[in-house]
Amino acid sequence: MKKFSPSLVSRPNTVFILIFALSLTVIPSMLPNDYWQSVYAITGIYVMLALGLNIVAGFTGLLDLSYIAFFGIGGYFFAFLCSDHFGLHFPFLLAVPICALVAMSAGFLLGLTSIRLRGDYLAIVTLAFAQIFKLLLLNLDAPLNITGGVNGIYVFDAIKVLGFRILTPEHYSTLIWSCALLVFVVSFKLKDSRIGRGWNAIREDELAANCTGINSVRMKLCSFATGAMIAGFAGAVFASFQDSVFPNNFDFQQLVVVYCMVIIGGLGNMYGVIAGAVVLSVLPEVLREYGGLRMMIYGASLVAIMAIRPQGLFSAIPALTRVVRRPDKEETGVLKASTDLYYSSNETPAVRADYSRQDREILVLDKLSMYFGGITAIENLDLTLHKHEILSVIGPNGAGKSTLFNVISGIYQPNSGTICYRGRDISHLKPHKVVKAGIARTFQNIRLFNEMSVIENVRASRFCRTGASFLSIIFNLRRHRQEEEQTDAKAREILAMFGKRLTGYRFRQNVSQLSYANRRRVEIARAMGSEPEILLLDEPSAGMNPHETAEITEFIKRLRDQYGFTIIVIEHKLSLVKAVSDRVIVMDHGMKICEGSYDEIAGDPDVIEAYLGKKGKRDKTSNS
Amino acid sequence: MSEHLFRSFMRMEDLFAQLSQQAINGLTIGGVYALIAIGYTMVYGVLSMLNFAHGELYMVGGFIGWWVLQLFTVKHVPVMNGALLISLMLVIAMGGAAILGVVIERIAYRPLRTAPRMNLLLSSLGVSIFIQNFVLYFQGAKVKVFHVSQLIPDGLRSFEIGGVVVSFMRIVVIFVCFLLMLLLTLTIKKTAIGRSIRATAQDIEAAAFMGIDTNRVIVSVFVIGSALGGAAGLLVSLLFTQVDYYVGLQAGLKGFTAAVLGGIGSIPGAMAGGILLGLSEALAVTFFPSAYKDVVAFVILIAILIFRPQGLWGEKLREKV
C-alpha cells in the first residue's frame with residue numbers, strides 16, 4: 001500500500017535516470033552528423049542552465065534577471081584561465097571548478113546587496129546588474145584588454161578529462177550531458193532536503209517562513225549563489241565547447257530563452273524544466289526557416305502560459321504529477337466507504353504526562369509599547385507567562401492583540417519596553433531567531449505554504465532544528481540522513497496527534513486542497529514542528545463551526561495537558577476561552593484593562609464597558 | 001605666478017561652461033526620463049505591478065514618429081510646416097502608444113489581476129520581448145535615421161548663449177516635456193478622472209465600493225502612461241535623430257530608476273526623480289568616459305533600492321501581517 005506509507009526519501013524517477021543514461025551513451029553515436037552533435041551538446045548546456053535557474057526562480061521564487069551574467073562570468077573566466085589571452089593554461093578539471101566558484105562568489109556578492117528587496121525590485125536590480133555586466137564585457141578592452149570587447153576571446157586549449165582528449169562534438173556531447181546529469185542529481189538532492197524545503201517555504205510565503213524558523217535572507221542568498229554556481233559551471237563548459245566567448249552569448253535574449261524553458265516546463269518542476277530545455281533547444285533547429293519569429297513566439301508564449309497555464313505545460317502529463325485523492329481502501333486492502341475510513345479508529349496516542357501550570361515565569365513583557373506613526377497599538381503592557389500555563393488574550397477588534405503577537409514573534413520591533421524569554425532579552429530578535437529560541441506562532445488569516453503538501457509544511461518547520469550543510473546534503477552524509485529520518489518521524493508524530501484528519505493519504509495532499517478547519521490544524525502542527533516551548537495561537541477557532549470549535553478546544557487543552565506546551569491564545573469565542581484558560585488578559589486600545597481568571601474578568605465592569613459600551617452612554621448620545 | 005592664476009581661471013571658466021552645457025543636456029534628458037517614469041509610477045500606483053513592457057512603448061513611439069516623418073517628407077523635405085509636422089508626429093506617436101498600452105493591459109495583465117505577482121512580472125517580460133522582436137522582424141535591426149534638419153528654419157538650428165550651445169530641438173524637447181507634465185498635473189489635480197485615479201491608487205477596493213469604475217481607471221492610467229512613454233520615445237528620437245528596436249530596454253530601466261528615485265507611486269516624485277537622474281548622468285559624463293554613462297544610472301538605482309527603497313520623497317510602507 002504505497003499510498004499509505006510514502007517512502008521516506010523520494011528518489012529520482014528510475015525511468016528518468018534511464019533516459020539520462022541513454023542520452024549519455026547511445027544518442028551521441030546515433031546522431032547523423034556534427035551539426036546535430038553540436039545541437040545535442042548545446043541542448044545539454046541549456047538543460048544545465050535551466051536546472052540552475054529552476055533553483056533560483058522555481059524553488060525559491062526569486063526573479064533573478066542577472067542569471068545569464070553568471071553564465072558569462074563562468075565562460076569568460078574559462079577564457080582567462082585556459083587560453084593564450086593571459087597565457088594561463090589551467091587543466092580543464094581545475095579550471096571548471098574555479099569558474100563555478102568565481103560565479104558563485106559573484107552571485108553571493110550580488111545577492112548581499114539586493115537580496116532583501118522584494119519581488120519586482122529584485123528583478124529590476126538584477127536586470128541592472130546584467131546590463132552593467134554587458135557594458136563591462138563590451139568596454140573592458142581598453143586601456144587594458146581584459147574581455148576582448150565586441151570581438152570576445154577565442155581559441156582555447158584542447159581539453160583533457162581524466163586522460164581522454166575531448167575533441168569532437170561527440171566527445172563534448174558525452175561530457176556535457178554528464179555534467180547535466182551531475183546538475184540534475186545535485187538539484188534533486190537539494191529539493192528533498194531541509195534547504196529545498198526552506199526555499200519552497202520562502203517562495204510560498206516569506207513572512208510565514210520566517211515565523212517557522214527559516215532564515216530567509218540566508219536561504220535566498222544560498223539559492224542565489226547555488227544558481228550562480230551552476231550557471232558558472234555551465235558557462236565554463238560552454239566556452240570550452242564553443243572555443244570562444246562573445247558578449248552576445250550572454251545577453252538578454254539568452255536569458256529570456258532560459259526563462260522560457262523553465263516556465264514552459266513549469267517553475268519548480270524539474271522533469272518539466274528538462275523537457276522544456278530539450279524542446280526549446282531542438283525545436284528552433286527543426287523550424288529554422290521561421291528563425292526570425294523565434295523570439296517573438298517566445299515572448300507571446302510567456303504571456304500565454306502565464307495567463308492560461310502558469311504551472312507549465314508539462315504538469316499535464318500524469319506521470320509527472322501526482323494528485324492525491326481520498327482512497328477507498330483500508331491499509332489491509334478492504335474496500336470501505338471513504339468517510340468511514342476518514343473518521344474511524346480515532347486511536348489517541350498514549351498520555352505521556354499530565355502537565356499543569358507551574359509558578360516559574362518564562363516570558364516576561366515589561367512596559368512594552370508599539371506605535372505606528374501616531375497610532376498607539378500597544379502601550380505600557382506588562383505581561384508574565386508561567387510554565388505550562390494557558391493564557392488567553394481577549395479584547396475588541398483593534399485592541400492590539402495581533403500586534404502583541406507580531407511584536408513577540410519579532411515581526412515588529414517594539415518602540416520601547418522589553419520582552420524577556422527565560423531571562424534573555426528577545427525583543428529585538430528576528431522572527432526566525434525567536435522561533436529557534438522556542439516561541440512559535442500561528443496566524444489569524446492562515447499563512448500556510450499552499451503549494452506544499454501537509455507533511456512538507458510540517459517538515460519545513462524542522463528547519464531550525466536541523467543543520468545539515470550543503471555538502472552533507474549533496475553527498476548524502478550521515479548527518480543529513482539522520483536528520484531527514486528524524487524530521488520525517490517528528491512530522492508524522494505531530495500530524496498523528498490530530499487523528500486521521502491529517503494522516504494517511506493526507507500527508508501528500510497539497511494544503512490548498514484541505515478544508516478551512518484542516519488548514520488551521522496544519523498551521524498549529526507546523527508551529528509545533530519546531531518544538532517550541534511557547535505556542536502563540538492567533539484565533540485558532542476563527543471560521544470554525546461549533547463542532548469543530550469544541551474539537552479544537554479539546555485539542556488546545558491536550559496541547560498543554562499531554563504535550564506540555566505553554567500557550568498564549570487570542571480568541572473571540574468566549575466558550576473556548578472559558579474552557580481552556582488558566583488566566584485571561586483583556587486588552588483595549590493597546591492597554592491591559594483587566595487580568596485574572598475567566599470568572600473574575602467576566603464580572604469586571606471595565607471589561608463589560610469595553611465590550612458593550614458605558615452604561616448610560618447611549619442615553620447621552622440619543623439626547624444630543 | 002599671475003599667468004598661472006589666469007590660466008587656472010580660464011580653466012575654471014571652461015569648466016563652468018562645460019557644466020552649464022551638461023546641465024542643459026541633463027535637463028533635456030531628465031525631462032524625458034520623467035515622462036517615462038510617470039508611466040511606471042502610475043501603473044504601479046493602481047496595480048502595484050512593474051510594467052516591464054513600458055520601455056517598449058517608448059521605442060514604439062519613436063518608430064511611429066519615424067513612419068509619420070517618412071510619410072510627410074519628400075526627399076527629406078517636409079510637405080508641410082515644420083512645427084505642424086512635429087506636432088503631428090507627437091500626437092500620432094502618443095495615440096499609437098496609448099492604444100498599444102491599452103491592448104497590452106487587456107491581453108497580458110487583466111487576466112492575471114489576481115495571480116501571484118511573479119506571474120504578472122513574467123507576463124510583462126513576455127510582452128516586452130514580443131514587441132521588441134516584432135519590430136525587429138518587420139523593421140529590421142538597422143537604425144532608423146530621422147532627417148529633421150529641414151524641419152527647422154535655417155537661422156534657428158542652434159543658439160549660443162555664453163559659450164553654451166543649445167540646439168533648437170533641445171528647446172523643443174524641454175518645452176514639450178514640461179508642457180506634458182503640466183497638463184498631467186492639471187488632469188490629476190482638477191478633473192474627475194484624476195480624482196478617480198488618485199482614489200484608486202490609495203485603495204482600489206474602497207474606490208470600487210464608492211462607485212468608481214476601477215477598470216476604466218486602470219485603462220485610463222495605461223492610456224496616460226503609455227502616451228507619455230510614446231512621447232518620450234519620439235522626443236529622444238528627434239533629438240538624437242535615430243531610433244532602433246533595442247532602445248526600449250535601456251530607456252525603460254532609466255525611467256524605472258527615475259520612478260524609484262522619486263518614490264514609486266508618486267507622480268511629482270517621478271518628475272523630480274527623472275530630472276535628478278538626467279542631471280546626474282550629464283554630470284557624470286563630465287568626469288567619466290561616456291561608455292560608462294549608463295552605469296551611473298544603474299548604480300544610483302541599486303544604491304537607492306538598498307538604502308532608501310521608498311525613494312527620496314516616498315513614505316515607508318509596512319507589510320500587513
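The predictor gives the complex an ipTM of 0.85 and a pTM of 0.86. Residues are numbered from 1 along each chain as its sequence is written, and chains are lettered from A in the order in which they are written. Local features need pLDDT of at least 70, side-chain atom pairs count only at pLDDT 80 or more, and totals for chains, interfaces and linings use all residues.

**Confidence**

- The average pLDDT (the predictor's confidence in each residue, from 0 to 100) is 85 for chain A, where 90% of the residues score at least 70.
- Chain B averages 87, with 94% of the residues at 70 or above.
- In chain A, residues 1-9 stay under 50 and have 12 contacts beyond four places in sequence; a contact means that the C-beta atoms of two residues, placed from the backbone, lie within 7 Å.
- Residues 337-346 of chain A also stay under 50, with 9 such contacts.
- Where pLDDT is low, the predicted coordinates should not be read in detail.

**Helix packing in chain A**

- Helix 7 (194-204) and helix 9 (216-242) of chain A have axes that come within 10 Å and cross at roughly 110°; axes are lines fitted to C-alpha atoms, for helices over the stretch in contact, and angles run from 0 to 180 degrees between N-to-C directions.
- Helix 7 of chain A is therefore roughly perpendicular to helix 9 of chain A (under 35 degrees is roughly parallel, over 145 roughly antiparallel, 65 to 115 roughly perpendicular and the rest oblique).
- Residues in this contact include Trp199(A) of helix 7 and Met219(A) of helix 9.
- Helix 2 (34-59) and helix 11 (270-286) of chain A pack at about 140° with axes 8 Å apart, and are therefore oblique to each other.
- The residues of the contact between helix 2 and helix 11 of chain A, among them Tyr46(A) and Val278(A), divide into 12 nonpolar, 5 polar and 1 charged.

**Strands**

- In chain A, 6 strands form an open sheet of mixed pairing in the order 12-13-14-9-15-16; strands pair if DSSP finds at least two bridges between them.
- Strand 12 (439-441) and strand 16 (591-596) of chain A stand at the edges with a single partner strand each, so one side of each has no neighbour in the sheet.
- The twist averages 20° from one strand to the next.
- Strand 12 pairs with strand 13 (534-538) of chain A in the parallel sense over 3 bridges, and Arg441(A) stands opposite Leu536(A).
- Helix 20 (546-561) of chain A packs on the sheet, touching strand 9, strand 13 and strand 14 of chain A.
- In chain B, strand 4 (158-161) and strand 5 (164-167) run antiparallel and are joined by 4 bridges.
- These strands of chain B form a hairpin with 2 residues between them, and Gly162(B) in the turn has a positive phi of about 55°.

Conventions. Ala, Val, Leu, Ile, Met, Phe, Trp, Tyr, Cys and Pro count as nonpolar, Asp, Glu, Lys and Arg as charged, and the others, Gly among them, as polar.
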